[in-house]
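Subject: the two-chain model, handed over

Hi,

Here is the structure I promised to pass on. Have a look at it first, and then read my notes below.

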Amino acid sequence: MLVRPKPGILDPQGEAVLGSLRQLGFAVDDARVGRVVDLELGNGDREHVRAELERMCKQLLANPLIESYEIELGGDT
Amino acid sequence: MSATAHEPKPRVAVVTFPGSNDDGDAVLALAGLGAEPVPVWHAERELRDVQAVVLPGGFSYGDYLRAGALARLAQVMESVRELAADGGLVLGICNGFQILCEAGLLPGALRANHSLSFVCRDVAVRVERADTPFTRRCREGQSLRIPVKHGEGCFFADAELLAELEASSRVVLRYEGESPNGSVAGIAGIANTDGNVMGLMPHPEHAVDPLVGSTDGALILGSLVDAARESLAEHAAV
């Protein structure tokens with residue numbers, strides 16, 4: 001799960017990182033800092049797993065007022 | 001004969017989560033203001049015979065994920081929710097405010113300070129509403145000096161929510177001058193629609209003794225104790 005500050009919401013961490021990257025001489029236009037949550041679930045029906053992950057994001061992993069999220073499903077292991 | 005000598009004291013629960021660190025000061029402050037503080041561990045299910053509950057400051061669960069996000073799932077929060085629904089008084093201070101927002105008992109969210117710095121200093125806040133159970137000892141427009149100490153105190157509400165908060169006069173406290181954390185509209189404390197749940201970033205429990213510079217915090221916690229005492233008397237009369 002990738003959780004990011006929503007567009008338009010000031011991201012002070014991103015701004016600090018942006019400033020530091022520029023200080024190092026990199027030409028960067030913008031930086032946003034979010035978080036990655038890696039979860040392992042037993043192999044199951046992919047649609048069911050995706051629906052579960054959606055619920056996890058809505059109920060806990062992201063705050064919908066200030067954060068957006070993306071779900072990436074890996075392969076079976 | 002003093003009427004207060006035999007009057008029962010209002011019971012105010014103070015919840016301790018793993019990582020709370022202002023629970024002790026809250027207990028001391030409430031006791032000094034005439035309440036009977038009731039320490040409650042987060043894993044307890046029940047709040048027994050209390051008229052009010054205080055969620056104190058600190059760093060519950062290390063502020064992991066988001067400040068307050070994990071604490072809102074604590075067992076005791078079910079009882080806090082029930083107390084609030086029954087019209088009981090709920091005050092969230094700093095981390096307690098963050099928990100109330102994450103729990104949906106108050107709207108909005110608290111984010112990292114714009115400066116990214118932890119701020120720890122006295123600030124001046126203006127009382128916007130003196131008719132709440134938490135500010136009745138104050139005057140509207142009064143300036144209070146109370147310390148803040150937080151890294152994630154930037155209150156965020158989107159334009160729609162902010163308009164709603166302002167229209168319904170639910171902003172109870174506002175920072176005077178520049179806000180220490182970048183909160184929208186300088187918001188330092190808000191109440192719910194019914195007015196029985198309030199959250200604020202400043203720490204009234206750290207400002208009840210002249211030894212530390214200000215006793216303005218006693219106006220807030222004293223208001224809470226007064227309201228809790230009234231609620232106790234009303235229930236006793238039934």
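Strand E9 of chain B (residues 171-175) is mostly covered, with four of its five residues buried. Keep in mind that this is a predicted model. E9(B) pairs with strand E6 of chain B (residues 119-127) in the antiparallel sense, over three bridges, and there B:Tyr175 sits opposite B:Val125. Strand E10 of chain B (residues 187-191) is also antiparallel to E9(B) and joined to it by three bridges; here B:Arg174 has B:Ile187 as its bridge partner.

Those strands belong to an open sheet of nine in chain B, with mixed pairing and the order E2-E1-E3-E4-E11-E10-E9-E6-E7. At the edges are E2 and strand E7 (143-150) of chain B, each pairing on one side only. On average, neighbouring strands in this sheet are turned by 25° against each other, direction ignored.

Elsewhere in that order, E3(B) and strand E4 of chain B (residues 89-93) run parallel, paired over four bridges. B:Val53 stands opposite B:Val90 in E4(B). Helix H2 of chain B (residues 76-85) lies across E1, E2, E3, E4 and strand E11 (197-200) of chain B, and it runs at about 125° to E4(B).

Now for the core. The largest nonpolar core has 78 residues, and the ones touching the most other members are B:Val12, B:Leu30, B:Val53, B:Val54 and B:Leu224. Helix H5 of chain B (residues 217-237) gives this core its largest share, eight residues. In general, nonpolar side chains in soluble globular proteins tend to be buried together.

What is B:Val12 in contact with, leaving aside its neighbours within four places in sequence? The list includes B:Leu30, B:Ala35, B:Pro37 and B:Val38, then B:Val50 and B:Gln51, and also B:Val53, B:Val54 and B:Ala228.

B:Leu30 also turns up in helix H1 of chain B (residues 23-32), where B:Asp23, B:Asp25, B:Ala26, B:Val27, B:Ala29 and B:Leu30 are buried. The buried residues of H1(B) pack against strands E1 (11-16), E2 (36-41) and E3 (52-55) of chain B, and against H5 of chain B. Just after H1(B) comes B:Gly34, with a positive phi of about 95°.

On to chain A, which has an open sheet of three strands in the order E2-E1-E3, with antiparallel pairing. Strand E2 (35-36) and E3 of chain A stand at the edges with a single partner strand each, so one side of each is left without a neighbour in the sheet. Strand E1 of chain A (residues 2-5) runs antiparallel to E3(A), and four bridges join the two.

One residue I looked at there is A:Glu70, in strand E3 of chain A (residues 67-70). A:Leu2 stands opposite A:Glu70. Is A:Glu70 buried or exposed? A:Glu70 is exposed, because there are 11 other C-beta atoms within 10 Å, and a residue counts as exposed at 12 or fewer. The C-alpha atoms of A:Glu70 and A:Ala16 are separated by 24 Å, with the two residues 54 apart along the chain.

Last, the contact between the chains: eight residues come from chain B and eight residues from chain A. On the side of chain B that touches chain A, five residues are nonpolar, one is polar and two are charged.

Cheers

Definitions and conventions. Residues are numbered from 1 along each chain as its sequence is written. Chains are lettered from A and ligands numbered from 1 in the order in which they are written. This is a predicted model: local features need pLDDT of at least 70, side-chain atom pairs count only at pLDDT 80 or more; totals for chains, interfaces and linings use all residues. A nonpolar core is a set of buried Ala, Val, Leu, Ile, Met, Phe, Trp, Tyr and Cys residues joined through C-beta atoms within 7 Å. A residue is buried if 20 or more other C-beta atoms lie within 10 Å of its own, exposed if 12 or fewer, and partly exposed in between; C-beta atoms are placed from the backbone. Two residues are in contact if their C-beta atoms, placed from the backbone, lie within 7 Å. Two strands pair if DSSP finds at least two bridges between them. Ala, Val, Leu, Ile, Met, Phe, Trp, Tyr, Cys and Pro count as nonpolar, Asp, Glu, Lys and Arg as charged, and the others, Gly among them, as polar. Axes are lines fitted to C-alpha atoms, for helices over the stretch in contact, and angles run from 0 to 180 degrees between N-to-C directions.
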